[in-house]
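Please walk me through this protein structure.

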Amino acid sequence: TAPGQTAEERQRVGANIYVFPNPATREALAEFQKQPPSRYDPTGERIMFSNLPAAGNTIKIYTASGDLVQTIFHDGHSQGGAASWNLVSRNGQEVGSGIYLYVVHSDDARVEDFQGYFPLIR
């Protein structure tokens, strides 16, 4: 994966964290990094958060009504600038269609929180 974005790069070119595939449709999910289903990953489907900061990051994913769905911890120093989510909630259930919001918080004080959204169509 590409390296995480440094605070200096973010100041120069702006924060541009994005999700793909976007929109996350049934067809796009089937084509993108499909993995064999398992006990912990019932569908094998995933989305990627890309252009993450080179820092310790916490990605929180919410429903459109504000319910916390999942929290992903990502080390942008050792894991690069991308993290995946297997579309499973923190309760171990597959998530359904909807608009999902995400907030990326970094432990680097020079990096502001980033907010975005993506549609999931199953």
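Start at Phe118. Leaving aside residues up to four places away in sequence, Phe118 touches Val19, Asn22, Ile47, Phe49, Trp85, Gly98, Ile99, Tyr100 and Tyr102. Contact here means heavy atoms within 4.5 Å. At 0% relative accessibility, Phe118 counts as buried. Buried means under 20% relative accessible area, exposed means over 50%, and partly exposed lies in between, with a 1.4 Å probe and protein chains only.

A word on the source: this is a predicted model, where local features need pLDDT of at least 70, side-chain atom pairs count only at pLDDT 80 or more, and totals for chains, interfaces and linings use all residues. Residues are numbered from 1 along each chain as its sequence is written, and side-chain values use heavy atoms, with hydrogens and water left out.

Now look at the rings. A pair of aromatic rings is described by the distance of the centres and the angle of the planes. Rings of Phe, Tyr and Trp (its six-membered ring) pair if their centres lie within 6.5 Å; planes under 30 degrees apart count as stacked, over 60 as edge-to-face and the rest as tilted. By this rule there are 8 aromatic pairs. One of them joins Trp85 and Phe118, edge-to-face, with 6.4 Å from centre to centre and 70° between the planes. This pair links distant parts of the chain: Trp85 lies in strand β5 and Phe118 in strand β7, 33 residues apart. Strands (E, at least two residues) are DSSP runs, numbered from the N terminus. Both Trp85 and Phe118 are buried.

Next comes Tyr102. The ring centres of Tyr102 and Phe118 are 6.2 Å apart and the planes stand at 40°, so this pair is tilted. It too links distant parts of the chain, with Tyr102 in strand β6 and Phe118 in strand β7, 16 residues apart. Tyr102 counts as buried because its relative accessibility is 3%.

Now follow the strands. An open sheet of 4 strands runs in the order β4-β3-β6-β7, with antiparallel pairing. Two strands pair if DSSP finds at least two bridges between them. The edge strands are β4 and β7 (114-120), and each pairs on one side only. Inside this sheet, β3 (residues 56-63) and β6 (residues 98-106) pair over 7 bridges. Thr63 stands opposite Tyr100 in β6.

Another open sheet has 3 strands in the order β1-β2-β5, again antiparallel. Its edges are β1 (18-20) and β5 (82-85), each with a single partner strand, so one side of each is left without a neighbour in the sheet. Strand β2 (residues 47-50) pairs with β5 over 4 bridges. Ile47 stands opposite Trp85 in β5.

Finish at Gln70, in strand β4 (residues 68-75). Gln70 counts as buried because its relative accessibility is 16%. Not counting residues up to four places away in sequence, Gln70 touches Ile59, Lys60, Ile61, Trp85, Val88, Ser89 and Arg90.
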